[in-house]
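The sequence and structure come first.

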Amino acid sequence: MRIRIVDAFTDRPFAGNPAGVLLLDAFPGDDRLQNVALEVNHAETAFAHPLPPGGEADWALRWFTPVAEVDQCGHATLATAHVLHSTGAHTGPVRFATRSGVLIASPAEDGSITLDFPTAPLTPVALPAGVAEALGAEPLTAFDTGPHLGDLLVELADEKTVHALRPDHRALAAHSRRGIIATARAENPALGYDFVSRCFFPNVGIDEDPVTGSAHTALAPYWTERLGRTRLTGLQASPRSGRVGTELRGERTVLTGRAVTVVEGELLAW
């Protein structure tokens, strides 16, 4: 059983967001998938297996954090598509059957991969009591991101505030199903990005996610409305950092990034 560690939303190793990727013949029991994800101990481990030809999707895909299965994950989808294309297991666009419907990953000639994801619905909400204290900053706005993400999206005063966050992760866990997306407008768009974000997901065992593709399905519509452009680039300012190209297409959001395989080995106990 081959297992790979892939750094996603980056063009160099040891940056972006690492994901475990396993290509299987079929899915075993959930407990076995969860145990492997715990052993890998990255934000997500992706498990995929091929589907019979002629259907609406080419591969089945599931994502597990070290403690739970999740409905949607951008970076592990990008990592899986990268493995399929780099190993020759699949050529051209690949359609994944997932908990979030059929997701399409399309490779480009320059080595980047574009993901077609559902746009997260944004609903303005009153800021829950205690969020500002847990986050360590006073949000300007707060939005619910819908059932697939389960996050609270908050805009902060400026980019410096986002970089400086040192949240109380245990306290944050009480305020959303998955976690908190904190964002702000870029101070200097000449640096190549339009907005900055950080993502804290204590409820699924991830204090801070390095680069979160799924969060950008909420960040894209949020910043498109404010900046007046459908094509944007987000910088996720975690210690590993990474950039995500976004394009809002109504009910779908296109995410673009690169990936690098860093580790390839054999899973001996299964």
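Glu-155 is buried, with a relative accessible area of 13%, where buried means under 20% relative accessible area, exposed over 50% and partly exposed in between, for a 1.4 Å probe and protein chains only. The model is a predicted one, in which local features need pLDDT of at least 70 and side-chain atom pairs count only at pLDDT 80 or more, while totals for chains, interfaces and linings use all residues. Residues are numbered from 1 along each chain as its sequence is written, and side-chain values use heavy atoms, with hydrogens and water left out.

Glu-155 lies in strand 11 (residues 151-155); here helices (H or I, at least four residues) and strands (E, at least two) are DSSP runs numbered from the N terminus. Leaving aside residues up to four places away in sequence, Glu-155 touches Pro-139, Leu-140, Thr-141, Thr-183, Tyr-222, Trp-223 and Arg-226, a contact being heavy atoms within 4.5 Å. The C-alpha atoms of Glu-155 and Pro-121, which are 34 residues apart along the chain, are separated by 16 Å.

Tyr-222 and Trp-223, both touched by Glu-155, are among the buried residues of helix 6, together with His-216, Thr-217, Ala-218, Leu-219, Ala-220, Pro-221 and Thr-224. Because nine of the twelve residues of helix 6 (residues 216-227) are buried, this helix is largely enclosed by the rest of the structure. Helix 6 is followed by Gly-228, whose phi is positive, near 75°.

An α-helix has 3.6 residues a turn, so residues three or four places apart point the same way.

Several loop residues can be described next. Asn-41, in the loop between helix 1 and strand 3, has a positive phi of about 60° although it is not a glycine. Phe-14, in the loop between strand 1 and strand 2, likewise has a positive phi, near 65°, and is exposed, with a relative accessible area of 62%. Most residues other than glycine have a negative phi. Val-67 is found in the loop between strand 4 and strand 5 and is exposed, with a relative accessible area of 51%. Not counting residues up to four places away in sequence, Val-67 touches Gln-34, Val-204 and Gly-205.

The count of disulfides comes to zero, a disulfide being a pair of cysteine sulfur atoms within 2.5 Å. The sulfur of Cys-73 is 11 Å from the closest cysteine sulfur, in Cys-199, which is too far for a bond. Cys-73 is buried, with a relative accessible area of 3%, and Cys-199 is buried too, with a value of 0%.

The table lists the relative accessible areas of these residues.

| Residue | Relative accessible area | Class |
|---|---|---|
| Phe-14 | 62% | exposed |
| Val-67 | 51% | exposed |
| Cys-73 | 3% | buried |
| Glu-155 | 13% | buried |
| Cys-199 | 0% | buried |

Grid points are joined across faces, edges and corners, and a volume is the space filled by probe spheres set on the points. The structure holds one cavity of 30 Å³ or more, and the largest cavity has a volume of about 40 Å³. Its lining includes Cys-73, Glu-44 and Arg-178.

The largest pocket holds about 220 Å³ of space and is lined by 14 residues, of which Phe-9, Thr-10, Asp-11, Gly-242 and Arg-243 lie nearest its centre. Strand 16 (242-249) and strand 17 (252-257) are the elements that give two or more residues to this lining.

Technical notes
1 Å grid on protein atoms, 1.4 Å probe; cavity = no way out; pocket = protein on both sides within 12 Å on 5 of 7 lines; lining within 4 Å.
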